[in-house]
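Please keep the sequence and the structure at hand while reading.

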Amino acid sequence: MHDEEGVGGFFEDLPVLAFVLLGVFVLVTAGIVASRAVSERREAESLACAAESILTAVTSHLLSPNGVGGTLTAAAMRQMDLRAISDNVSCCDGYCVSVVMLHPLTEWLASATVGNPHVAILTGFCQRFMNAACDGGSIGIVEVRVLAW
Amino acid sequence: MPGDLPRDKAGQLALLDAMVFFSIAMLVSSILVLQTEACSDAAVGISDGSPTSVGGMLAALMTASIGQPVKIDLGPGLTVLGQESVAECLSAELYALGSGSGPALFAELNEAVLGLLDSLTLAAFRGWLVAVHPEGSWEAPTLAIPGLPLASSLSYAASCQLPCEDGALYTVTLVLQPAASSELV
């Protein structure tokens, strides 16, 4: 309802206020969503780097002359102290590193877990395949996996 | 008198301004959220298929022993005892295929290689091993286990050179693709 001069009065301002408030709300919400997504991505990248650093430490130890020594063998991997190797380079809240034989048999060779994985919201994962001498002279495939949170 | 402000005869200017502002706010917010999702999708990497992982997988696969005895009926007979490396077995097979031998002779060997490849691959992925002659093409490879990879927008691959007895240097490529949803258990 407008008077002859086209003045809407107070009740015209209410829908204007509603539109403006709604627009501001949508902008602020989108900004919060975007900043949270960027933050989560940075944390995920950080965890991936942490997992890779642990993996590098473990595989370097495996391949070094002072590590399991000479030719990698499944028997030597079973006796590895993964936690001692990984704690030196760990820069995350928790991690789980595992050495698993995939070929010719499927066997868990060594594992170490630090922290509680059940509370992890974001994780970083890294893996590497290596060859190892198995019983009988065959060459098997071993996978080193690291999950960081 | 309340609301006694100078306006035009229609009295709609403020409301239209607010609607334009709201439309622009919706547009900007949509672009912001879509761009954030696109960047997040691009950043999410499936670790099993990362280039570094596929290269390491291929190297470990080629160096590993075949793991089981395989009989290949090549005239005088050729028996793989199980400790021969996958690279040696594939090299012999490629040489025989290049000399005119039929692919059916190596079905058991190819099955063993495929089983080994499946043991390395996560359930969410499928693996293919393709060997191409230096003068050949991807569409007509000398060997493809279990076949040629499907056309996919998401593939991870690594390759290496494999020499054969006749001096040819084959290119062996390992391709990983997400398994079709119907194949997932």
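How many bridges join strand β1 of chain A to β2(A), and do the two run parallel or antiparallel? In this predicted model, strand β1 (residues 95-103) of chain A is joined to β2(A) by 7 bridges, and the two run antiparallel. One of the pairs can be named: Val99(A) has Ala110(A) in β2(A) as its bridge partner.

**The sheet and the helix packed on it**
- The 4 strands of the open sheet in chain A follow the order β2-β1-β4-β3, with antiparallel pairing.
- At the edges lie β2 (107-114) and β3 (124-133) of chain A, each of which pairs on one side only.
- From one strand to the next, the twist averages 15 degrees.
- Helix α4(B) packs on this sheet, where it touches β1, β3 and β4 (139-148) of chain A, and its direction makes about 170 degrees with that of β1(A).

**Chain A as a whole**
- Chain A has 3 helices and 4 strands, which run α-α-α-β-β-β-β from the N terminus on.
- Of its 149 residues, 39% count as buried, while chain A exposes about 8100 Å², of which carbon and sulfur atoms supply 59%.
- Among the contacts in chain A with a separation of 6 or more, 63% come from residues 24 or more positions apart.

**A loop residue in chain B**
- Thr121(B) lies in the loop between α4 (107-120) and β3 (125-132) of chain B, and its side chain reaches the backbone oxygen of Leu117(B) at 2.8 Å.
- Because its relative accessible area is 11%, Thr121(B) counts as buried, the cut-off being under 20%.

Terms used:
Residues are numbered from 1 along each chain as its sequence is written. Chains are lettered from A and ligands numbered from 1 in the order in which they are written. This is a predicted model: local features need pLDDT of at least 70, side-chain atom pairs count only at pLDDT 80 or more; totals for chains, interfaces and linings use all residues. Side-chain values use heavy atoms; hydrogens and water are left out. Buried means under 20% relative accessible area, exposed over 50%, partly exposed in between (1.4 Å probe, protein chains only). Contact means heavy atoms within 4.5 Å. Accessible areas come from the Shrake-Rupley method with a 1.4 Å probe; for residues, only the protein chains shown count as cover. A polar contact is a pair of N or O atoms within 3.5 Å; within protein, one must be able to donate a hydrogen and the other to accept it, and residues adjacent in sequence count only if both atoms are side-chain atoms. Two strands pair if DSSP finds at least two bridges between them. Axes are lines fitted to C-alpha atoms, for helices over the stretch in contact, and angles run from 0 to 180 degrees between N-to-C directions.
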